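The following report is meant for someone meeting this structure for the first time. It begins with a pair of helices and then moves to the chain as a whole, its cores and some single residues.

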Amino acid sequence: MTKKASWNLPYFIFLMIFVALPLVLILIYALQDGQGHFTLSTITRFFSDGDSLATFALSLEIAIETTILCILIGYPAAWILAGRSFNKSAVTAALFILPMWVNALMRTLATAELFNMLGIGLGKGTLLCGMVYDYLPFMIYPIYVSLSKMDKSYADVAEDLGATPFQVFFKVTLPLSKPAIWSGILMVFMPTVSTFAISEFLTNNKIKLFGTIIQENINSSMWNYGAALSLLMLVIICLTKVLSEDEKVAV
C-alpha cells in the first residue's frame, strides 16, 4: 500500500464487478438459448423481428431529432453564457446546469404533469420536449466550457483582418468548438436512443422506444433475447463513440 498504484485497486475492483462483469454476462446470455446452448439465433432474430426493427428505427429518429434540437437550442445558449458582453456572472451558467441536480425520473414526472395541467395531449411532441429538457444541459455544458476557454485572440485577429462578426463565428469560433459539439452529441444521443422511462411517462406508453423492448423482454424472463438486443445497442453506441472520436481527430 506504500505504492501509489495500490490506491487504484478499489477502483479496479469496482470496475470489474459493476462494469466488466455485467457486460460479460450480457454477452454470455446473448449467445445462448433458453437451455444454455451456444447460438446466434437470438441476435439474428432481431433482423427478422418487424416490431423490434420498427421500434429501433423510431428510437433512432427520436434520438436524432432530440440531438438536433439540443444543438439548435444549446449552442446559442452556450455562446451567450460564454460571452462576457452578454453574461457577466457565472451564476447564470449554473442555472442552466441546475436541472441536472434533480433526479431524471422526478423531472420527467413533473414535465408530464405540466403537460396534463395545460391540457396538452401526450405524444411524440411531448416526448421530444421532455427529451430536450432532460438532456439539453449535456449539450450546453461542454460547448460552454469550450467557448469560455477559447483564446479570444483568434477572433480579434480575424476582425483585424477585416472579417465580419458572421465570418468570425463561422470561420473561427464554430470550427474551434466542433470537438465540444461532438462531445455534446455523444452525451445526448447515446442515452436518448436507449431510454425507456421518459417515453413511458411522456406518451402514456403510446410510443415505444428500443429501451422499452429490452425492458419488456427482461421483465418477461426472456433474458437471452433481451441481452441480444442490449448487445446490439452497445455495438451501436460504441460505433457512435468511434465515429465521434474520428470527427474530433479530423477537426
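## Helix packing and cores

In this predicted model, helix α3 passes helix α6 in a right-handed crossing. The axes of α3 and α6 come within 6 Å and cross at roughly 40°, which makes α3 oblique to α6. Sorted by class, the residues in the contact of α3 with α6 are 22 nonpolar, 4 polar and 3 charged.

Helix α3 also meets α2, a helix that covers residues 41–48. Here the axes of α2 and α3 come within 6 Å and cross at roughly 75°, and because of that angle α2 is roughly perpendicular to α3. On the α2 side the residues in contact are F46, F47 and S48, and they meet G50, S52, L53 and F56 in α3. By class, the contact of α2 with α3 has 4 nonpolar residues, 3 polar residues and no charged ones. The table sets out the two helix pairs.

| Helix pair | Axes come within | Crossing angle |
|---|---|---|
| α3 and α6 | 6 Å | roughly 40° |
| α2 and α3 | 6 Å | roughly 75° |

Along its principal axes the C-alpha trace of the chain spans about 70 × 65 × 35 Å. Of the 251 residues in the chain, 37% are buried. Among contacts between residues at least 6 apart in sequence, 72% join residues at least 24 apart.

Which residues have the most contacts inside the largest nonpolar core? In this core of 30 residues they are M131, I143 and L147. The elements that give two or more residues to the core are α3 (50–82), α5 (104–117), α6 (124–149), α9 (178–194) and α10 (197–203), and the largest share, 11 residues, comes from α6. When residues up to four places away in sequence are not counted, I143 touches Y75, A78, A180 and I181. Apart from this core lies another, of 18 residues, among them A30, V193, I214 and L232.

Just after α11, S221 takes a positive phi of about 65°.

S230 has its place in helix α12 (residues 223–250), and because its relative accessibility is 16%, below the 20% limit, S230 counts as buried. With neighbours within four places in sequence left aside, S230 is in contact with I26 and I214. T173 lies in helix α8 (residues 165–176), and T173 is likewise buried, because its relative accessible area is 11%. With the neighbours of T173 within four places in sequence left aside, T173 is in contact with Y75, L147, M150 and V168. Of these contacts, Y75 is also touched by I143, while L147 is one of the residues with the most contacts inside the largest nonpolar core.

Note on methods: Residues numbered from 1 in each chain as written. Predicted model: local features only at pLDDT ≥ 70, side-chain atom pairs only at ≥ 80, totals over all residues. Heavy atoms only, no water. Core = buried A, V, L, I, M, F, W, Y, C linked by side-chain atoms within 4.5 Å. Buried < 20%, exposed > 50% of the residue type's maximum accessible area, 1.4 Å probe, protein only. Helix = DSSP H or I, 4+ residues; strand = E, 2+ residues; numbered from the N terminus. Contact = heavy atoms within 4.5 Å. Axes fitted to C-alpha atoms, helices over the stretch in contact; angles between N-to-C directions. Parallel < 35°, antiparallel > 145°, perpendicular 65-115°, else oblique. Left-handed = near helix turned anticlockwise from the far one by under 90°. Nonpolar A, V, L, I, M, F, W, Y, C, P; charged D, E, K, R; others polar.
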